[in-house]
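Here are my notes from an afternoon with this model.

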Amino acid sequence: MKWEVKVTNVVTRLRRRTGPSTSYRIVNWIYPGKTGIVVDSKNVGKAVWYKWEDGNWSCAKTAGGTVYLTKVKDLEEKEEEVKPNPEP
């Protein structure tokens with residue numbers, strides 16, 4: 001997994017933590033409209049947490065269904081090679 005994601009539905013800022021739950025220490029924040037790269041995800045109860053490239057975690061979707069991180073692009077998708085039509 002390697003996705004570009006965008007911060008959504010956050011009024012001020014989204015917490016970035018040392019692990020995938022609110023019991024982990026906050027290390028910094030990311031602000032609404034900003035994008036970043038996530039490399040892993042973990043379900044914790046009904047919530048979904050994403051791991052950033054630098055190893056920190058943020059809640060992507062709460063147990064109540066609020067989405068804070070929206071996938072912009074799958075960075076592992078292979079673009080289809082366009083093959084020319086054969087000459088008749």
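Which side chain meets D54 in a salt bridge, and at what N to O distance? I found R16 there, at 2.3 Å, N to O. My cut-off for a salt bridge was a side-chain nitrogen of Lys or Arg within 4 Å of a carboxyl oxygen of Asp or Glu.

**Ground rules.** I am working with a predicted model, where local features need pLDDT of at least 70 and side-chain atom pairs count only at pLDDT 80 or more, while totals for chains, interfaces and linings use all residues. Residues are numbered from 1 along each chain as its sequence is written, and side-chain values use heavy atoms, with hydrogens and water left out.

I looked up where the D54 and R16 pair sits. D54 is in the loop between β5 and β6 and R16 is in strand β2, so the pair links distant parts of the chain, 38 residues apart. R16 is buried, with a relative accessible area of 8%. For these labels I took buried as under 20% relative accessible area, exposed as over 50% and partly exposed as in between, with a 1.4 Å probe and protein chains only.

The structure holds 2 salt bridges, and I checked the pair of E53 and K2 too, at 3.9 Å, N to O. E53 lies in the loop between β5 (47-52) and β6 (57-61) and K2 in the segment before β1 (3-7), so this pair ties together parts that are 51 residues apart in sequence. K2 is partly exposed at 33%.

**Overall fold.** I counted 0 helices and 7 strands. My elements were DSSP runs numbered from the N terminus: helices are H or I with at least four residues, strands E with at least two. Of the 88 residues, 28% count as buried.

**Largest pocket.** What lines the largest pocket? I listed V10, T12, R13, L14, R15, R17, T22, W29, W49, C59 and Y68. Strand β2 (residues 14-17) gives the largest share of that lining, 3 residues. By class I got 6 nonpolar, 2 polar and 3 charged residues, with Ala, Val, Leu, Ile, Met, Phe, Trp, Tyr, Cys and Pro as nonpolar, Asp, Glu, Lys and Arg as charged, and the others, Gly among them, as polar.

The space in this pocket is about 220 Å³. On a 1 Å grid over the protein atoms alone, a pocket is an open set of points where a 1.4 Å probe fits, with protein on both sides within 12 Å along at least five of seven lines; lining residues have an atom within 4 Å of a point.

**Surface patch.** I26, W29 and Y31 form a nonpolar patch on the surface, with about 270 Å² of accessible area together. Patch members need over 30% relative accessible area and no salt bridge, and nonpolar side chains (Val, Leu, Ile, Met, Phe, Trp, Tyr) are joined within 5 Å, like charges within 9 Å. I placed Y31 in the loop between β3 (26-30) and β4 (35-44), partly exposed at 40%.

Most residues other than glycine have a negative phi. N9 sits in the loop between β1 and β2 and counts as exposed at 56%.

Is V38 buried or exposed? V38, in strand β4, is buried at 0%. I also noted V38 and M1 at 7.7 Å, C-alpha to C-alpha, though 37 residues apart in sequence.

Note on methods:
Areas by Shrake-Rupley, 256 points an atom, 1.4 Å probe, with all protein chains shown as cover. Points joined across faces, edges and corners; volume = space filled by probe spheres on them.
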